[in-house]
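Me: I have a structure open and would like to go through it piece by piece. Can you help me read it?

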Amino acid sequence: MKLLIDFFPIILFFAAFKLWGIYTATAVAIAATVLQIGYLRYKNGKVEPMQWVSLGVIVVFGGATLLSHSETFIKWKPTVLYWLMGSALLIGQLFFRKNLIRSLMGAQMELPDAAWRTVNWSWTGFFAVMGLVNLWVAYRFDTDTWVNFKLFGGIGLMAVFVIGQALYLSRYMKEDDTKAAPKATPEAAHKDVQP
């Protein structure tokens, strides 16, 4: 359900583009994002800072697209959002010595400091690369291809990256599990069967 809420504006943008074109799709994306934020505010009582940023970016770049009647602005929107997220992680780490990924996920898992740094830097790099890839597709291919990439390519690359992150983190999860449960040894098994 959370994934559906997160991707709600992108899915509607894609559908509206296929039916009515880029400008209607842009208006639909703005409206869908406003509805998404309203729903999250109503359901959770709060909205995460990056979701407010996302709303601001779609309103500014989507609004510029509609006012100027130029699709260039909406094509820049994902890149700006990726780079803002990556910059937040970078600035937090370098200037404030704060690992924002750890702040978000620290309650769910325990990792060594080096692993948290690796995760933070890998997300920073991922967002930087995704911003560049979006611009490459936007300027190298037609708008239809860019919209297809925005939905399928963007989500697909994110899924591959998240799976890679999960594989990296899994080695730390296994270590925690083995620490929590004592290892079975032949001596311990022998001791259990003795009266």
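**Helix packing and cores**

Reply: In this predicted model, helix 3 and helix 4 pack with their axes 9 Å apart, at an angle of about 160°.

Me: So how are helix 3 and helix 4 oriented, roughly parallel or roughly antiparallel to each other?

Reply: Roughly antiparallel, because the angle is over 145 degrees.

Me: And is the crossing of helix 3 and helix 4 left-handed or right-handed?

Reply: The crossing of these two helices is right-handed.

Me: Which residues meet there?

Reply: On the helix 3 side they include Val53, Val57, Phe61 and Ser68. On the helix 4 side they include Phe73, Trp76, Val80 and Leu84.

Me: What about helix 2 and helix 3, what angle do they pack at?

Reply: Helix 2 and helix 3 pack at about 160°, and their axes are 9 Å apart. They are therefore roughly antiparallel to each other. The crossing of helix 2 and helix 3 is left-handed.

Me: Which residues of helix 2 meet helix 3?

Reply: Among them are Tyr23, Ala27, Ile30, Val34 and Leu40. The residues they meet in helix 3 include Gln51, Leu55, Val59 and Leu66.

Me: Staying with helix 3, how many residues has it, and how far does it reach?

Reply: Helix 3 has 20 residues and reaches 28 Å from its first C-alpha to its last, close to the 28 Å expected at 1.5 Å a residue.

Me: Which of its residues are buried?

Reply: The buried residues of helix 3 are Ser54, Leu55, Val57, Ile58, Phe61, Gly62, Gly63 and Thr65. Helix 2 and helix 4 are among the elements that cover them.

Me: What follows helix 3?

Reply: His69 does, with a positive phi near 55°. Just after helix 2, Gly45 also takes a positive phi, of about 80°.

Me: New topic. Which residues touch the most other members of the largest nonpolar core?

Reply: Phe13, Ile22, Ile58, Ile74, Trp146 and Val147 do, in a core of 21 residues. Helices 1, 2, 3, 6 and 7 each give two or more residues to this core. Helix 2 gives the most, with 6 residues.

Me: Take Phe13. What does it touch?

Reply: Leaving out residues up to four places away in sequence, Phe13 touches Ile22, Ala25, Thr26, Ala29, Ile74, Trp146, Val147 and Lys150.

Me: And which residues does the second core include?

Reply: Tyr82, Ile101, Trp116 and Trp123 are included in that separate core of 16 residues.

Me: What is Gln36 in contact with?

Reply: Setting aside neighbours within four places in sequence, Gln36 is in contact with Ile5, Asp6 and Pro9.

Me: Last one, Thr79. Where is the place of Thr79?

Reply: Thr79 is in helix 4. At 0% relative accessibility, Thr79 counts as buried.

Me: What is Thr79 in contact with?

Reply: Apart from neighbours within four places in sequence, Thr79 is in contact with Gly131, Asn134 and Leu135. Thr79 and Gly131 are 52 residues apart along the chain, yet their C-alpha atoms are separated by 4.0 Å.

Technical notes: Residues numbered from 1 in each chain as written. Predicted model: local features only at pLDDT ≥ 70, side-chain atom pairs only at ≥ 80, totals over all residues. Heavy atoms only, no water. Core = buried A, V, L, I, M, F, W, Y, C linked by side-chain atoms within 4.5 Å. Buried < 20%, exposed > 50% of the residue type's maximum accessible area, 1.4 Å probe, protein only. Helix = DSSP H or I, 4+ residues; strand = E, 2+ residues; numbered from the N terminus. Contact = heavy atoms within 4.5 Å. Expected span 1.5 Å × (residues − 1). Axes fitted to C-alpha atoms, helices over the stretch in contact; angles between N-to-C directions. Parallel < 35°, antiparallel > 145°, perpendicular 65-115°, else oblique. Left-handed = near helix turned anticlockwise from the far one by under 90°.
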